[in-house]
Amino acid sequence: MKPQICVVGSVNMDLVFRTPRMPAVGETLHGHEFRQIPGGKGANQAVAAARQGADVRFIGAVGDDGFGDFSQQSLSADGISLTHLSRIPGVATGVAGILVEDNGSNSIVLAAGANASLTPAHIDAAAADIRAAQILLCQLETPLDTVTRAIATARAAGVKVILNPAPAQDLSPALLAQVDYLILNETEAGQLSGIAVTDNASAQAASEKLLAMGVGQVLLTMGGHGALITQAGQSQFIPAIRVDVVDTTAAGDTFVGAFAVGIANGLSLLEASQEAQYTAALTVTKLGAQTSIPQRAEVLAFMAARKA
């Protein structure tokens, strides 16, 4: 039986520009390439989970525009259930303008659009999908009260909660105490813990502070430097998987989606984290968000080759 995962989150259309470097203020810069690629943290994580073999149900919102049509078709193509993907009349679908430098680094500007229209009432209407899941997966590109309602619904039904607190914002200890797995990067860890993450020691201190705030387990991802996984009484550093980087967009989202599938399949925290690292590493070898997320067969072949 496929693992059952419910994702509450954002849907964006990514407008991606390849550029030799970031432009200065007031500068016009010639780029190499432009592509229009489906994205959004919620949608990316849903696609990553679906491509790793999960039965995914998605709760989100798009506008009644061409980007909304394109996004809906793209998610459907990955077999994701969209019963609770709402079309908001008179509102634009979320958009992300993404500049990708030649070295793979990126900068992103978001316009939330319909994502800001996802309400607690949408969660209540989709509560049966949350209760039927093994894992609820959330991020913060939709309103916080909506995310809070989703997490409360999951907890009441005994469903495990994974939260990716991105983009970074302050969260209450009451909300953090309902999170089984908190997956975040250095910036987000610094925001939530009050400890700037600059090396392994500060990553450890920030993770332990988050555990003290009530989080069940913390996975702090540090890009090319690896990841730190921390639970009560123990922590372990996982080195990054070395690859040639083309574009880091969606690497974090792919890690989250793949990790969720690993946990739902009964893997340990370490095993699920390692599989997620391999999956995310493959993602950065291609351009774009959902266009770069690998299928399960690709990940298995990559893991076998690297371990051999």
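This is a predicted model: local features need pLDDT of at least 70, side-chain atom pairs count only at pLDDT 80 or more; totals for chains, interfaces and linings use all residues.
Residues are numbered from 1 along each chain as its sequence is written, and side-chain values use heavy atoms, with hydrogens and water left out.

Helices (H or I, at least four residues) and strands (E, at least two) are DSSP runs, numbered from the N terminus. Two strands pair if DSSP finds at least two bridges between them. Strand β4, residues 55-63, pairs with β5 in the parallel sense over six bridges. Ala61 likewise has a bridge partner in β5, namely Ser86. β4 also pairs with β1, again in the parallel sense, over five bridges. Val7 stands opposite Phe58 of β4.

These strands belong to an open sheet of nine strands with mixed pairing, in the order β5-β4-β1-β8-β9-β10-β11-β12-β13. Because β5 (81-88) and β13 (234-238) stand at the edges with a single partner strand each, one side of each is left without a neighbour in the sheet. On average, neighbouring strands of this sheet are turned by 15° against each other, direction ignored. In a regular strand the side chains alternate between the two faces of the sheet.

For the angles, axes are lines fitted to C-alpha atoms, for helices over the stretch in contact, and angles run from 0 to 180 degrees between N-to-C directions. Contact means heavy atoms within 4.5 Å. Helix α1 (residues 41-51) lies across β1 (4-8), β4 and β8 (135-138), and runs at about 155° to β4. Helix α5 (residues 144-156) touches β1, β8 and β9 (160-163), and its direction makes about 170° with that of β8.

Burial is judged by relative accessible area: buried means under 20%, exposed over 50%, and partly exposed in between, with a 1.4 Å probe and protein chains only. In α1, 11 of its 11 residues are buried, including Lys41, Asn44 and Arg51. In β4, seven of its nine residues are buried. After α1 comes Gly53, whose phi is positive, near 105°.

Asp78 is found in the loop between α2 (66-77) and β5. Leaving aside neighbours within four places in sequence, Asp78 is in contact with Val47, Ala50, Arg51 and Gln295. Its side chain makes a polar contact with the side chain of Arg51 at 3.0 Å. A polar contact is a pair of N or O atoms within 3.5 Å; within protein, one must be able to donate a hydrogen and the other to accept it, and residues adjacent in sequence count only if both atoms are side-chain atoms.

In helix α5, Thr153 is buried, with a relative accessible area of 11%. The side chain of Thr153 reaches the backbone oxygen of Arg149 at 2.8 Å. Beyond its neighbours within four places in sequence, Thr153 is in contact with Ile123, Ala127, Ile130 and Arg131.

A nonpolar core is a set of buried Ala, Val, Leu, Ile, Met, Phe, Trp, Tyr and Cys residues joined through side-chain atoms within 4.5 Å. The largest has 39 residues, of which Val8, Ile130, Leu136, Cys138, Leu163 and Leu182 touch the most other members. Apart from this core lies another, of 38 residues, among them Val11, Ala54, Phe259 and Ala272.

Phe259 leads on to the aromatic rings. Rings of Phe, Tyr and Trp (its six-membered ring) pair if their centres lie within 6.5 Å; planes under 30 degrees apart count as stacked, over 60 as edge-to-face and the rest as tilted. The whole structure holds four aromatic pairs. Tyr181 and Phe259 form an edge-to-face pair, 5.4 Å centre to centre with 70° between the planes. Since Tyr181 lies in strand β10 (residues 181-185) and Phe259 in helix α9 (residues 251-264), the pair ties together parts that are 78 residues apart in sequence. Both Tyr181 and Phe259 are buried. Ring pairs link Tyr181, Phe255 and Phe259 into a cluster.
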